[in-house]
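My notes follow in the order I made them.

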Amino acid sequence: PKEVPGLAHFNEHMLFLGTKEYPKEDSFEGFLSANGGTSNAYTAGEDTVYHFTMQAEADEKFREGLKRFGSFFSSPLFTEGATGRELNAIESEHAKNLQSDNFRVYQIEKERQNSDHPHSNFFTGNKRTLLDDTKQLGLNLREELIKFYNEHYSANQMTLAVVGLNHSTQ
């Protein structure tokens with residue numbers, strides 16, 4: 001949203017930090033680590049992509065991995081504590097991006113576009129846009145996050161792809 005630049009990216013980060021079924025913030029990463037896997041996500045101009053890999057030698061492990069992953073999209077917690085801490089991660093990522101020539105050129109291109117077009121928005125956000133500016137506008141960041149999630153995270157706006165390799169038949 002134009003009034004909270006970077007909110008989609010912030011939402012991406014927050015989904016990894018606990019769900020009703022798995023409230024521990026590092027539960028998914030711990031599960032993946034124990035099963036030879038990793039996860040990541042990125043937010044682009046028009047969509048957000050989440051992905052994970054794991055070694056699932058048993059169907060039960062694979063089902064559990066999908067269930068844990070799916071809980072991001074059905075029951076995220078968006079806790080107050082995680083919200084505050086993740087702002088620091090967003091700020092750190094933004095500072096790192098500022099050192100990238102590709103990022104800076106991309107931002108210049110976006111600045112030169114029609115400001116009414118969504119692509120011109122500052123998409124990664126930082127502490128200023130997500131925290132300071134929302135406070136100045138009288139907005140509660142966590143409430144805006146939940147509102148964004150409820151508006152944009154529904155099955156009719158998502159696609160799921162599952163790719164599996166059966167190494168035992170090779």
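Ground rules first: I take helices (H or I, at least four residues) and strands (E, at least two) as DSSP runs, numbered from the N terminus. With that, I get 7 helices and 2 strands in the protein. From the N terminus on, the elements run α-α-β-β-α-α-α-α-α.

A note on what I'm looking at: this is a predicted model, where local features need pLDDT of at least 70 and side-chain atom pairs count only at pLDDT 80 or more, while totals for chains, interfaces and linings use all residues. Residues are numbered from 1 along each chain as its sequence is written, and side-chain values use heavy atoms, with hydrogens and water left out.

**Overall.** I have the C-alpha trace spanning about 55 × 35 × 30 Å along its principal axes. Of the 170 residues in the protein, 36% are buried (under 20% relative accessible area, with exposed over 50% and partly exposed in between; 1.4 Å probe, protein chains only). I then turned to contacts (heavy atoms within 4.5 Å). Among those between residues at least 6 apart in sequence, 69% join residues at least 24 apart.

**H1 against H7.** I looked up how helix H1 (residues 7-15) sits on helix H7 (residues 141-152): the angle is about 90° and the axes are 10 Å apart. Axes here are lines fitted to C-alpha atoms, for helices over the stretch in contact, and angles run from 0 to 180 degrees between N-to-C directions. H1 and H7 are therefore roughly perpendicular (65 to 115 degrees; under 35 is roughly parallel, over 145 roughly antiparallel, the rest oblique). On the H1 side I listed Leu7, Ala8, Phe10, Asn11, Met14 and Leu15, which meet Leu141, Glu144, Leu145, Phe148 and Tyr149 of H7. By class, this contact has 9 nonpolar, 1 polar and 1 charged residue. For the classes, Ala, Val, Leu, Ile, Met, Phe, Trp, Tyr, Cys and Pro count as nonpolar, Asp, Glu, Lys and Arg as charged, and the others, Gly among them, as polar.

**Pockets.** Search rules: on a 1 Å grid over the protein atoms alone, a pocket is an open set with protein on both sides within 12 Å along at least five of seven lines, a cavity is a set of points where a 1.4 Å probe fits but cannot get out, and lining residues have an atom within 4 Å of a point. The largest pocket holds about 1,600 Å³. It is lined by 50 residues, and the closest to its centre are Val49, Tyr50, His51, Phe69 and Leu160. H1, strand S2 (48-53), H3 and H7 each give two or more residues to that lining.

The second largest pocket comes to about 270 Å³. Closest to its centre, out of 17 lining residues, I noted His9, Glu12, His13, Ala41 and Glu93. Strand S1 gives the most to this lining, 5 residues.

**Cavity.** How many cavities of 30 Å³ or more does the whole structure have? I found 1. The largest cavity holds about 50 Å³, and H3 supplies the largest share of its lining, 3 residues. Arg68 and Phe72 are among the lining residues.

**Asparagine 97.** Is asparagine 97 buried or exposed? At 12% relative accessibility it counts as buried. Not counting residues up to four places away in sequence, asparagine 97 touches Phe103 and Thr124.

Notes:
Grid points are joined across faces, edges and corners, and a volume is the space filled by probe spheres set on the points.
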